Amino acid sequence: MKEKYAKESFTIMNELVLPNDTNTLNNLMGGRLLHWMDIAAAISAQKHCNRIVVTASVDNVSFRHPVKLGDVISIEAQVTRAFNTSVEVRLMVYAQNIPSGTRVQSNQAYYTFVAIDQNANTITVPQVVPESDDEKKYYNEALQRRELRLLLAGKMKPSEATQLKSFFAELAQNAVE
Ligand SMILES: CC(C)(COP(=O)(O)OP(=O)(O)OC[C@H]1O[C@@H](n2cnc3c(N)ncnc32)[C@H](O)[C@@H]1OP(=O)(O)O)[C@@H](O)C(=O)NCCC(=O)NCCS
C-alpha cells in the first residue's frame, strides 16, 4: 500500500461559539468542543486512509482556558502515525477573539481512529511519511502513546509495552546520574 505524507492529512476547522454552544456562564461547553474535535480529527484520518473511520479512543483532554461566547475556535488536525488498521491524529485547538485580536491555545489532544470497510471489518491503512522535525518527533513518540492507551484500555499486556519500558528505564537512569 502506498505511503502518504503526514501533511496530506492536515485539516483546519473553524467554528463560531454561539449561544447554543455555551453554559450558563457564557463559556463554551467542553462536550461541544470534544464533538467538533472528533469531526476535525475524523476528516484528517479519512484524508489519510481514504476510508470510513471510527473513533477508537480519545486520550486525556484538559481545558486550559475558558472559551467565551463569540470566540472563534480553530481546530488543527493531522495524522502523526499509522499502525496497522489505526491512525493517531494530533489536534491543536485555538480560541480567537477577533474584536480584541487575542488568540490562545485552548487545548491539545490525540484521537485514534480505525479504518473499516463497508462490512465494518477493519482494514489496513497506508503508512505515514513524516517530513518536518515536528512531524518526525510526533511520529517517533507515537509508539509510546499507543502503548500507554492500549495498556489503559486493557488491550495490551504490560510485558508487551517495550517502548514504555525503555522510556521509564531511561528516566530512572537520568534520575540517578
Ligand atoms: C474501534 C474498533 C473498530 C476496534 O475493534 P476491535 O475488534 O477491538 O479491533 P482490534 O482489537 O482488532 O483492533 C483494531 C485496531 O483498533 C485499535 N484499538 C482498539 N482499541 C483501541 C483503543 N482503546 N485505543 C486505541 N486503539 C485501539 C487496535 O490497536 C488496532 O489497531 P492496529 O490494527 O493499528 O494495531 C471497535 O471497537 C469499534 O467499532 N468500536 C466502536 C467505534 C465507534 O463507534 N466509535 C464512535 C464512538 S460512539
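Biologist: What should I know about the model and its numbering?
Modeller: This is a predicted model, in which local features need pLDDT of at least 70 and side-chain atom pairs count only at pLDDT 80 or more, while totals for chains, interfaces and linings use all residues. Residues are numbered from 1 along each chain as its sequence is written, and side-chain values use heavy atoms, with hydrogens and water left out.

Biologist: Why is Ala142 called buried?
Modeller: Buried means under 20% relative accessible area, exposed over 50%, and partly exposed in between, using a 1.4 Å probe and protein chains only. Ala142 has a relative accessible area of 0%, so Ala142 is buried.

Biologist: Where does Ala142 lie, and which residues is Ala142 in contact with, beyond four places in sequence?
Modeller: Ala142 is in helix H2; helices (H or I, at least four residues) and strands (E, at least two) are DSSP runs, numbered from the N terminus. Contact means heavy atoms within 4.5 Å. With neighbours within four places left aside, Ala142 is in contact with Thr80, Arg81, Phe83 and Glu88.

Biologist: Which elements supply at least two residues of the shell around the ligand?
Modeller: They are strand E3 (52–58), strand E6 (102–116) and helix H2 (133–152). The largest share, four residues, comes from E3.

Biologist: What makes a set of residues a nonpolar core?
Modeller: The set holds buried Ala, Val, Leu, Ile, Met, Phe, Trp, Tyr and Cys residues joined through side-chain atoms within 4.5 Å. The largest nonpolar core has 32 residues, of which Ile73, Ile75, Val87 and Phe113 touch the most other members. Helix H1 (30–49), strand E4 (72–82), strand E5 (86–97) and E6 each give two or more residues to this core. H1 gives the most, with eight residues.
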